[in-house]
Amino acid sequence: MKKLTHLLIFLFPITCFSQSWNDQDYQKISPKIFFDQQSLDSPIDFKRLNYPLLQAAIFHYTNLERQKSGLPLFQYSKEVEQTAIGHSQDMVNYNFYGHTSPIRFRRTLRDRLNRSGLNPKYIGENICSTFGLQYQSGKKVSKPTKPGEFRYLNTSNRELIPPHTYRSFAQSVVKLWMESPGHRQNILNPQFTHLGCGASVYFEKSFYGMPYFMAVQNFVAH
């Protein structure tokens with residue numbers, strides 16, 4: 001029953017759409033139109049995930065926090081997004097959690113950005129491992145009797161735990177980061193200008209195979 005967040009920050013030179021969201025839509029679709037899309041309220045199907053939509057939701061809800069604080073909105077970067085996606089996938093595929101990767105040539109955030117063709121002046125990273133279901137942390141869960149069907153233990157009707165929607169997951173992970181001072185600092189850092197978000201699903205063996213996500217935000221400024 002884990003929920004983990006982690007951050008990395010370097011502030012010195014070191015160096016109208018359908019569900020087929022794509023990187024051009026970041027420029028063509030306004031945040032208001034994006035937030036109005038009904039597809040955001042679809043329950044996540046963990047076997048048929050729309051990753052571009054999920055990552056766009058994390059991006060736009062992060063920018064909403066910038067807007068609330070009167071800061072310039074992050075610009076989208078395909079290269080930064082690909083870096084974030086790659087790290088989320090590596091954490092799932094190689095079973096680790098952290099900013100330092102065991103994979104040669106991708107050990108540090110700067111290594112990963114360099115491999116995407118970037119060498120920004122300032123860089124930062126937020127990561128999080130959290131539930132794919134709308135699970136209330138700390139509550140006991142019964143062992144599933146049907147694959148993928150999770151219910152709370154010791155409730156009168158054994159209440160079913162629903163999957164997140166694309167909207168509710170993005171809101172929940174951004175909320176987690178905003179409630180952590182260091183992660184919040186990255187999101188509200190006025191020096192960062194570009195953002196890319198990545199996510200990868202995995203199934204937590206120690207918790208009856210409950211779906212979780214590795215989520216990553218990469219921040220840069222040139």
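In the structure, which is a predicted model, the sulfur of C128 lies 12 Å from the closest cysteine sulfur, that of C197, and this distance is too far for a bond. A disulfide is a covalent bond between the sulfur atoms of two cysteines. The cut-off for such a pair is 2.5 Å. C197 is likewise in no disulfide, its nearest cysteine sulfur being that of C128, 12 Å away. The structure as a whole holds 0 disulfides. C128 counts as buried because its relative accessibility is 0%, where buried means under 20%. C197 also counts as buried, with a relative accessibility of 2%.

The strand β3 covers residues 122-131 and is mostly covered, with 10 of its 10 residues buried. Strand β3 is joined by 10 bridges to strand β5, which is formed by residues 210-221, and the two strands run antiparallel. Within this pairing, G124 stands opposite F219 in β5. In a regular strand the side chains alternate between the two faces of the sheet.

A further buried residue is found in a loop. S101 is located between α4 (78-93) and α5 (109-115). With a relative accessibility of 3%, S101 falls under the 20% cut-off and therefore counts as buried. A polar atom of the S101 side chain lies 3.0 Å from the backbone nitrogen of I103.

Empty space in the model was examined next. Rolling a probe the size of a water molecule over the atoms shows where empty space is left. The largest pocket has a volume of about 410 Å³. Its lining consists of 20 residues, and those nearest the centre of the pocket are F46, P147, G148, E149 and F150. By residue class, the lining of the largest pocket comprises 13 nonpolar, 2 polar and 5 charged residues.

The largest cavity has a volume of about 40 Å³. A cavity is a space in which the probe fits but from which the probe cannot get out, whereas a pocket is open. The largest cavity is lined by S142, K143, P144, T145, E149, R151 and R158. These lining residues divide into 1 nonpolar, 2 polar and 4 charged.

How values were computed. Residues are numbered from 1 along each chain as its sequence is written. This is a predicted model: local features need pLDDT of at least 70, side-chain atom pairs count only at pLDDT 80 or more; totals for chains, interfaces and linings use all residues. Side-chain values use heavy atoms; hydrogens and water are left out. On a 1 Å grid over the protein atoms alone, a cavity is a set of points where a 1.4 Å probe fits but cannot get out, and a pocket is an open set with protein on both sides within 12 Å along at least five of seven lines; lining residues have an atom within 4 Å of a point. Grid points are joined across faces, edges and corners, and a volume is the space filled by probe spheres set on the points. Ala, Val, Leu, Ile, Met, Phe, Trp, Tyr, Cys and Pro count as nonpolar, Asp, Glu, Lys and Arg as charged, and the others, Gly among them, as polar. Buried means under 20% relative accessible area, exposed over 50%, partly exposed in between (1.4 Å probe, protein chains only). Helices (H or I, at least four residues) and strands (E, at least two) are DSSP runs, numbered from the N terminus. Two strands pair if DSSP finds at least two bridges between them. A polar contact is a pair of N or O atoms within 3.5 Å; within protein, one must be able to donate a hydrogen and the other to accept it, and residues adjacent in sequence count only if both atoms are side-chain atoms.
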